[in-house]
Amino acid sequence: MGIVADLPRAVRNVWSVSFGGGLESYRPAPSTTVYDGAHRHLKRYDRTTAAKGNPVLLVPPLAVTTACFDLRPGQSLVRYLLDQGRQPYVIDYGEFGYADRDLGLEDWTDDILPEAIARVSEEHDGRGVDIIGWSLGGVLALLTAASHADLPIASITCLAAPIDQARTAFLIPLRLVAKVTGGREMAMATKVMGGIPQEFVRLGFRIQAFDRELAKPMFLARNAFDTEALARMEATDRFMATMPGYPGRSYWQIYRSLVLRNELAGGSIRLRSDLVIELSKVTCRVLLAGSPSDVVVPAASVRRGLDVLPNAAEVEFVQVSGGHLGLVSAADTTWPAIEEFLSR
């Protein structure tokens with residue numbers, strides 16, 4: 001009788017997430033702008049009580065929005081940090097167009113991130129900043145720390161940071177093709193388009209999560225009565241549908257140095273002929289978090305950081321749950337591991 005009575009709600013749920021306006025609208029945690037420049041919008045999340053400990057700077061990878069840290073209530077690392085009494089900030093890169101084609105990773109490691117770190121520290125009387133970076137955001141944080149020993153960085157938490165790309169199975173075909181072509185096809189494509197358009201980025205993310213896409217009809221059928229489960233799925237779909245593109249030079253550097261040459265697994269990366277960044281120069285505390293169910297950046301790829309950060313004050317690897325995006329909002333594993341690390 002209960003199932004029959006709830007049937008209209010189940011139909012409404014499935015209709016809303018499939019064809020309607022959705023189960024719920026996006027409501028990001030309230031924030032205040034600290035400064036707003038080209039590809040560097042620094043926001044401070046609002047809190048009504050005094051914060052404890054160091055300020056926290058959230059660093060996303062390229063080609064995603066800052067919603068990765070704040071998908072919705074219950075899937076929000078931002079709200080968790082606020083609940084723990086911490087003061088989180090986030091750096092938002094905004095959209096990229098053809099005019100941004102010459103932006104390279106060094107623009108982040110030498111300019112965008114150092115400025116954000118310094119400004120966050122200044123707001124807290126010079127305190128060290130605890131950085132949390134997801135995916136390439138974690139790598140950018142490490143490279144920034146390695147390049148600027150004078151920055152007030154207290155710690156870096158890397159969530160699914162791609163240190164050893166040889167561990168990522170779906171990249172093997174790309175690496176095999178590149179042995180023949182030298183990667184010239186990607187170099188030409190990024191030069192002609194000025195980067196990777198947002199439509200390609202969104203399609204690529206869905207391809208990487210192809211098993212999720214295949215299982216979606218069954219998931220809808222199995223969870224038709226579970227509004228919370230469908231809302232979580234909807235939040236992920238909404239995030240994937242709003243991904244911006246990559247600037248051309250940055251994407252070529254990622255493809256060449258991280259994917260094809262797998263340079264970070266050896267402890268360094270060459271961004272220009274005259275610019276090599278060595279991870280051995282990282283001296284702050286580092287937490288590495290990876291998930292065995294993450295097919296984009298497997299746990300073994302993240303764990304390689306234990307071997308290439310010899311001078312960090314402390315390096316710890318923790319295994320968490322969830323896929324590449326899901327581990328950011330894994331309330332039962334990732335969040336407690338972060339809080340334990342920051343509180344130590």
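Predicted model: local features only at pLDDT ≥ 70, side-chain atom pairs only at ≥ 80, totals over all residues.
Leaving aside neighbours within four places in sequence, Thr334 is in contact with Leu159, Val320, Ser321 and Leu327. Thr334 lies in helix 13, residues 334–343. Its relative accessible area is 1%, under the 20% cut-off, so Thr334 is buried. Now show the backbone of Leu327: the side chain of Thr334 reaches its oxygen at 2.6 Å.

Next, select helix 3 (residues 105–122) and helix 4 (residues 136–147). Their axes come within 9 Å and cross at roughly 80 degrees. That makes helix 3 roughly perpendicular to helix 4. Show the side chains where they meet. Helix 3 brings Leu105, Trp108, Thr109, Asp110, Leu113, Pro114 and Ile117. Helix 4 brings Leu140, Ala141, Leu143, Thr144 and Ser147. The residues of this contact divide into eight nonpolar, three polar and one charged.

Stay on Trp108 and turn to the aromatic rings. The structure holds seven aromatic pairs. Tyr93 sits in the loop between strand 4 (88–92) and helix 3, while Trp108 is in helix 3, 15 residues apart. Tyr93 is buried at 3% relative accessible area, and Trp108 is buried at 0%.

Move on to Trp134 and Phe239. Their ring centres lie 6.3 Å apart with planes at 55 degrees, so this pair is tilted. Trp134 is in strand 5 (residues 129–134) and Phe239 in helix 9 (residues 227–240), 105 residues apart. Trp134 counts as buried at 1% relative accessibility, and Phe239 at 2%.

Last stop: select Tyr246, Tyr251, Trp252 and Tyr255, which form one aromatic cluster.

Definitions and conventions
Residues numbered from 1 in each chain as written. Heavy atoms only, no water. Axes fitted to C-alpha atoms, helices over the stretch in contact; angles between N-to-C directions. Helix = DSSP H or I, 4+ residues; strand = E, 2+ residues; numbered from the N terminus. Parallel < 35°, antiparallel > 145°, perpendicular 65-115°, else oblique. Contact = heavy atoms within 4.5 Å. Nonpolar A, V, L, I, M, F, W, Y, C, P; charged D, E, K, R; others polar. Buried < 20%, exposed > 50% of the residue type's maximum accessible area, 1.4 Å probe, protein only. Polar contact = N/O pair within 3.5 Å; in protein donor to acceptor, adjacent residues only side chain to side chain. Phe/Tyr/Trp six-rings, centres within 6.5 Å; stacked < 30°, edge-to-face > 60°.
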